[in-house]
Structures are given as structure tokens and as C-alpha cells.
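Have a look at the sequence and the fold, and then we'll walk through some spots together.

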Amino acid sequence: MRELFDEASGKSLLDPEEAVRRTARTPRRKRFYAKAGVVEAPGGFAITLDDRPIRTPSGRQVAVPRREIADAIAAEWQAQQEFIDPLTMPLTRLANSVVEAVVDRVDAVTEDVAKYFQSDLLFYRASHPSALVAREAARWDPVLFWAADALGAHFILAEGIVHVRQPDSAVAAARAALPTDPWSIAAMHVITTMTGSALLALALERGVLDQDQVWAAAHVDEDWNSEQWGVDDEVAARRAARLVEFCAAARILAVLNS
């Protein structure tokens, strides 16, 4: 069971896209259990397969803080058919990553998210055409205004891709707003890496934007290019795969903040 769960999750939260690629290369295994369930456990709720709790490759029992999350993970296992398809189990992968790689290193994962406050997607703006400039401003400025007003984080904008150093006070203020529990910061890490923006992840966590608004804001430039030149099938497939991971992380944040 541990080997299968490792394959379903990937070992590293810090690169969710690599975890998906690794999973895609792994041969599928036959379903070996009759039913998935949820039981109360120390630290929350455990997911079981034929009444045996799921454990990580290192032997840790996977316990999640909310019943709704545990039920959703169990549903991923229950939905498997003759063969188990780990690509259809994003919550399982995320849960394994939290227990295996985040619980004991919350500060390190938080720092990894906070690095984006130095070079966030929202800071770097197009200089032309005017329609794209306006679209970026419409999607991104409300988040920056919120960060300034609510968090006291005043960031500097730039045109193009030339790096601009952000004020230490702004970075510190935004970092101080990050959650401190392992499940929230793990979900935020996934959202940050999927979107290129810790500010968008923070806006989602705080309820400033919903997940559809965040996803749209993260793809303003990509959508603009698609409108001008057409949709590239390979790019669209990668985006669809990333959306699965994004939605799983967003679901975790929504439950934790409900």
C-alpha cells in the first residue's frame, strides 16, 4: 500500500508538476481493496482501505484536519476502477505531501512561498498593446490595492521582465499574512507555483478572489496570446493538468476557511 500511495502522490510538494510527470510514468496497478472509508484518528481523520489506514512511504499515518477533506480523499480511492489511476487523485497526492514533506518543515515551505513576493507575476506589466495593459490592470490591480490597504504591503510595479527589487517592508508585511498551519501553507504553495503569484494565492486564502478569478488572473497573458494566435494543443493540455492540481489545493483552502 505504501508504494502505491507514494506513486499516487509524488514525494515532493515543492514541484507539483514534476510529481504529476513522475506519476504519469508509473505503471498502473490493479485495485487491491474493496472499499475506502474514513475514521477518526489523532490529529483529525484517517483514510482507510478495507479498514486499514493509509500510510506514507515512511510509515506515517495520513490524518487530515477536517472530515470533508478526508471524505473527498476517500472518494478518490473509491472511484478507482479495475486499475488505479493516480492522475485522478490530486487530493491524495497533496495529503501525502503534507504529511511526508510539510508537517515537519512548515517554515521552509513558507519561505519558499514568500520568495515570490520578490518577483510576483503581478509586478511585471506589459507596455503594449493597450488592450493587454488594461486587461492586466483590471485583473491584477485590485489584488495589489488590497495588499496595500489590508496588509500594509506596498509593492513596486515594472514594465517588461527586468527585475525590480521590492521594499523589504512590503515583503515582510505580505509574509506575515501567510498561514502557519501545514495544510494551508501546502495548499498555498501549490497555488503559488501553479500561478506564479503568492499574492494571488494569498488573495484566494483570504477570500478576496474566488478560485475562478485567481485562475483567470494567472493566465491573462496566456489567454491574450491564444486570442491573437490560436490555442496550442500542447499548452492547453499542460494547463488542464495544472488546473487539476490547482483546484485540489483551492478546495483544501476553501474547507479550512469555511
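Which residues does His219 touch, not counting residues up to four places away in sequence? They are Arg239 and Arg242, where touching means contact, that is, heavy atoms within 4.5 Å.

Before going on, a word on what you're looking at: this is a predicted model, in which local features need pLDDT of at least 70, side-chain atom pairs count only at pLDDT 80 or more, and totals for chains, interfaces and linings use all residues. Residues are numbered from 1 along each chain as its sequence is written, and side-chain values use heavy atoms, with hydrogens and water left out.

**The whole chain**

The chain has 12 helices and 8 strands. Helices (H or I, at least four residues) and strands (E, at least two) are DSSP runs, numbered from the N terminus. Of its 258 residues, 48% count as buried. Buried means under 20% relative accessible area, exposed means over 50%, and partly exposed is in between (1.4 Å probe, protein chains only). Now take the contacts in the chain with a separation of 6 or more: 66% of them are between residues 24 or more positions apart.

**Back to His219**

You'll find His219 in the loop between α10 (211-218) and α11 (220-229). Is His219 buried or exposed? Its relative accessible area is 1%, so His219 counts as buried. Its side chain also makes a polar contact of 3.1 Å with the side chain of Arg242. A polar contact is a pair of N or O atoms within 3.5 Å; within protein, one must be able to donate a hydrogen and the other to accept it, and residues adjacent in sequence count only if both atoms are side-chain atoms.

**Helix α12 and its partners**

Helix α12 has 24 residues and reaches 35 Å from its first C-alpha to its last, close to the 34 Å expected at 1.5 Å a residue. The expected span is 1.5 Å times one less than the number of residues. The buried residues of α12 include Arg239, Arg242, Glu245 and Phe246.

Two packed helices are described by the angle between their axes and the distance between the axes. Axes are lines fitted to C-alpha atoms, for helices over the stretch in contact, and angles run from 0 to 180 degrees between N-to-C directions. A crossing is left-handed if the near helix is turned anticlockwise from the far one by less than a right angle, and right-handed if clockwise.

| Pair | Angle | Axis distance | Crossing |
|---|---|---|---|
| α8 and α12 | about 145° | 9 Å | left-handed |
| α10 and α12 | roughly 140° | within 11 Å | right-handed |

On the α8 side, the residues that meet α12 include Trp183, Ala187, Ile191 and Met194. The residues of this α8 and α12 contact divide into 12 nonpolar, 2 polar and 2 charged. Ala, Val, Leu, Ile, Met, Phe, Trp, Tyr, Cys and Pro count as nonpolar, Asp, Glu, Lys and Arg as charged, and the others, Gly among them, as polar.

From α10, Gln211, Val214 and Trp215 meet α12 residues, among them Arg239, Arg242 and Phe246. That contact has 6 nonpolar, 1 polar and 2 charged residues.

Ala250 in helix α12 is worth a click. At 4% relative accessibility, Ala250 is buried. Apart from neighbours within four places in sequence, Ala250 is in contact with Ile191, Leu204 and Gln211. Asp210 is 40 residues from Ala250 along the chain, and their C-alpha atoms are separated by 9.0 Å.

**A few more stops**

Phe117 sits in the loop between α5 (106-114) and β7 (124-125), and it's buried, with a relative accessible area of 0%. Leaving out residues up to four places away in sequence, Phe117 touches Phe123, Phe155 and Leu202, among others.

Now look for a cis peptide bond: one joins His128 and Pro129, with omega about -10°. Pro129 is in the loop between β7 and α6 (130-151).

Finally, visit the loop between β3 (44-49) and β4 (52-53), where Asp50 lies. Its phi is near 50°, a positive value in a residue other than glycine. Asp51 is also found between β3 and β4, and its phi is near 70°. Asp50 is partly exposed at 32% relative accessibility, while Asp51 is exposed at 58%.
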